[in-house]
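Here are my notes for you to read alongside the model.

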Amino acid sequence: MTRYFTKDHEWIDVDGGAATVGVTDYAQAQLGDIVFVELPAKGAALSKGKEAAVVESVKAASDVYAPVSGAVTEANSALEAEPALVNSAPEADGWFFKLTLSNPGELEGLMDAAAYAAWVKSL
Amino acid sequence: MSDDTSTEILALPLDSWHRARGGRMVAFAGYHMPIQYEGIIAEHLWVRESAGLFDVSHMGQLMLSGDDDSALEEALEALLPANIKGLAEGKQAYSLLLNEDGGALDDLMITRTPTGFYMVVNGAVKWDDIGHIREHLPDAFTMNHMEDRALLALQGPKAVDALKRVVPGADRLFFMEAGSFLWGHEPLWISRSGYTGEDGYEISAPAEHVAALADVLCAQPEVKPIGLGARDSLRLEAGLPLYGHDLDERVDPIQASLGFAVPKRRREGGFLGAARVLASIANGPPSKRVGLMVDGRMPAREGALIFAGDEQVGTVTSGGFSPSLQVPIAMGYVSPAHAALGTALEIDVRGKRLAATVTAMPFVPNTYHRPLKSDKGAAK
């Protein structure tokens with residue numbers, strides 16, 4: 001399994017044609033206390049760069065864009081009861097959704113952990 | 001409060017104090033201000049159970065004075081719908097600046113002091129307020145914009161315990177009373193009021209000493225510094241309107257459900273904008289500011305449209321998630337036919353219809369320190 005990162009502060013775990021998507025620890029710290037996450041429905045077709053989810057903090061609603069294209073196979077139902085998982089475990093139990101990649105070529109150009117850490121440091 | 005930003009973002013006297021304490025700074029009302037320290041929910045709940053220190057130095061502190069007290073009262077009553085003549089020394093009132101059409105230019109607090117009237121206005125519109133007051137106040141009166149003073153708010157059920165240790169005697173004030181106190185050699189003007197729905201104080205202090213005062217207050221075990229984020233969620237739970245969002249030039253005080261700010265004696269008019277305000281009282285306003293409890297967990301934010309069936313009947317002006325109640329709450333303007341408590345409505349959020357119910361405000365009961373009714377009777 002390989003973990004990729006985007007400049008929009010999302011992570012993507014890729015295992016063959018299956019991917020799991022969430023937001024990074026940096027992103028959750030910037031968003032602040034998360035009170036609701038609106039996730040895509042199972043079966044939804046996501047296009048890279050298009051709106052995939054909405055994260056609501058106390059203060060504001062923020063869009064989360066699909067880092068890669070694909071069909072949603074599962075949304076993290078644990079976030080319905082406990083949206084704060086995104087704050088406490090953003091890169092583990094606080095994952096957002098799983099999808100089947102429709103264009104694995106889109107992974108090219110995403111960052112690995114070291115490149116992402118350097119990107120965050122530059123902000 | 002309001003949050004319009006101007007081109008140049010300025011630093012307030014506590015700028016480095018906030019940064020040293022880990023405040024995350026954002027531009028607000030033209031100043032760098034802390035949005036949060038440890039997190040909005042933790043800060044919010046801390047204020048509800050203990051006490052929080054807020055820097056509100058962006059707000060405008062104005063002192064209005066003149067040789068002739070009764071002429072100044074007349075001039076202020078021509079400007080404000082408040083009962084200025086009935087305002088005793090050391091008593092504070094909530095009021096609004098209105099334009100000629102009765103629309104709200106700002107909301108404010110006004111207090112009679114031994115030397116005149118002290119007014120606190122919102123930061124984002126203070127320059128416009130100053131121009132408006134200067135334009136309408138006769139030249140015989142002086143308006144001093146006290147830019148050398150900072151303003152702190154200490155809010156929460158334990159604010160009194162912390163403040164009376166630092167400023168003995170401050171515990172003797174009741175809600176909406178104010179007075180001058182000494183902190184060492186420094187003069188403080190302290191009122192028992194605020195914008196969180198909790199008991200608490202607002203403290204005007206010389207700018208050059210405010211960092212030391214903030215240090216002493218935060219050294220009290222009850223007190224933590226609190227950012228603007230929690231200030232917003234606290235005032236929303238308290239049902240208090242935020243200027244620029246829940247109040248603006250389009251609405252009059254009756255429409256904004258602030259009828260208490262137009263006391264009985266002033267309902268004969270004689271203030272700027274009175275024609276519309278009196279018409280709103282007589283005929284009912286075209287819409288009403290109401291509280292809304294939203295079903296589920298998805299917050300409805302400012303700008304969301306409110307529906308009764310297919311008919312759009314209003315708009316949300318503030319909304320968010322209530323940390324105390326753990327449900328989304330909002331306020332907005334709806335047509336009078338849909339403003340009654342308990343009315344079932346729907347709010348459109350990103351194409352979803354959320355069920356919402358018109359609810360009495362405050363959403364969270366306030367804890368203002370008022371005199372007991374029996375005491376009031378005895379005083380008379």
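1. A definition to begin with: helices (H or I, at least four residues) and strands (E, at least two) are DSSP runs, numbered from the N terminus. The model is predicted, so local features need pLDDT of at least 70 and side-chain atom pairs count only at pLDDT 80 or more, while totals for chains, interfaces and linings use all residues. Residues are numbered from 1 along each chain as its sequence is written, and chains are lettered from A and ligands numbered from 1 in the order in which they are written.

2. Start with Phe363(B), which sits in the loop between strand E19 (352-359) and helix H9 (373-379) of chain B. Phe363(B) is buried, having 21 other C-beta atoms within 10 Å. (Buried takes 20 or more other C-beta atoms within 10 Å of the residue's own, exposed 12 or fewer, and partly exposed lies in between; C-beta atoms are placed from the backbone.) Leaving out residues up to four places away in sequence, Phe363(B) touches Glu237(B), Gly239(B), Gly291(B), Ser322(B), Leu325(B) and Ile329(B). Contact here requires C-beta atoms, placed from the backbone, within 7 Å. Gly197(B) is 166 residues from Phe363(B) in sequence, yet their C-alpha atoms are 9.9 Å apart.

3. Now the whole of chain B, with its 9 helices and 19 strands. Its radius of gyration is 20 Å, close to the 21 Å from the globule rule for 380 residues, so chain B is as compact as a globular protein of that length. (The radius is taken over C-alpha atoms, and the rule is 2.2 Å times the number of residues to the power 0.38.) Buried residues make up 51% of chain B. Of its contacts between residues at least 6 apart in sequence, 67% join residues at least 24 apart.

4. What is the largest nonpolar core made of? It has 143 residues, and Met119(B), Leu152(B), Leu154(B), Ile190(B), Ala300(B) and Ile347(B) have the most contacts inside it. Domain 1 (15-57 + 147-237) and domain 2 (287-380) of chain B both contribute residues, so this core lies between them. (A nonpolar core is a set of buried Ala, Val, Leu, Ile, Met, Phe, Trp, Tyr and Cys residues joined through C-beta atoms within 7 Å; domain bounds come from an automatic or database domain assignment.) Among the residues that Ile347(B) touches are Val294(B), Ala300(B) and Leu354(B).

5. On the two domains of chain B: their centres, taken over C-alpha atoms, are 27 Å apart. In contact are 14 residues of domain 1 and 15 residues of domain 2. On the domain 1 side, H2 and H7 of chain B give two or more residues, and H2(B) has the largest share, 4 residues.

6. Between the chains, 14 residues of chain B are in contact with 10 residues of chain A. Helix H2 (40-49), helix H7 (228-237) and strand E16 (311-322) of chain B each supply at least two residues of the chain B side.

7. Finally, chain A comes to 4 helices and 9 strands, in the order β-β-β-α-β-β-β-β-β-α-α-β-α from the N terminus. Buried residues account for 41% of chain A.

Note on methods:
Two residues are in contact if their C-beta atoms, placed from the backbone, lie within 7 Å.
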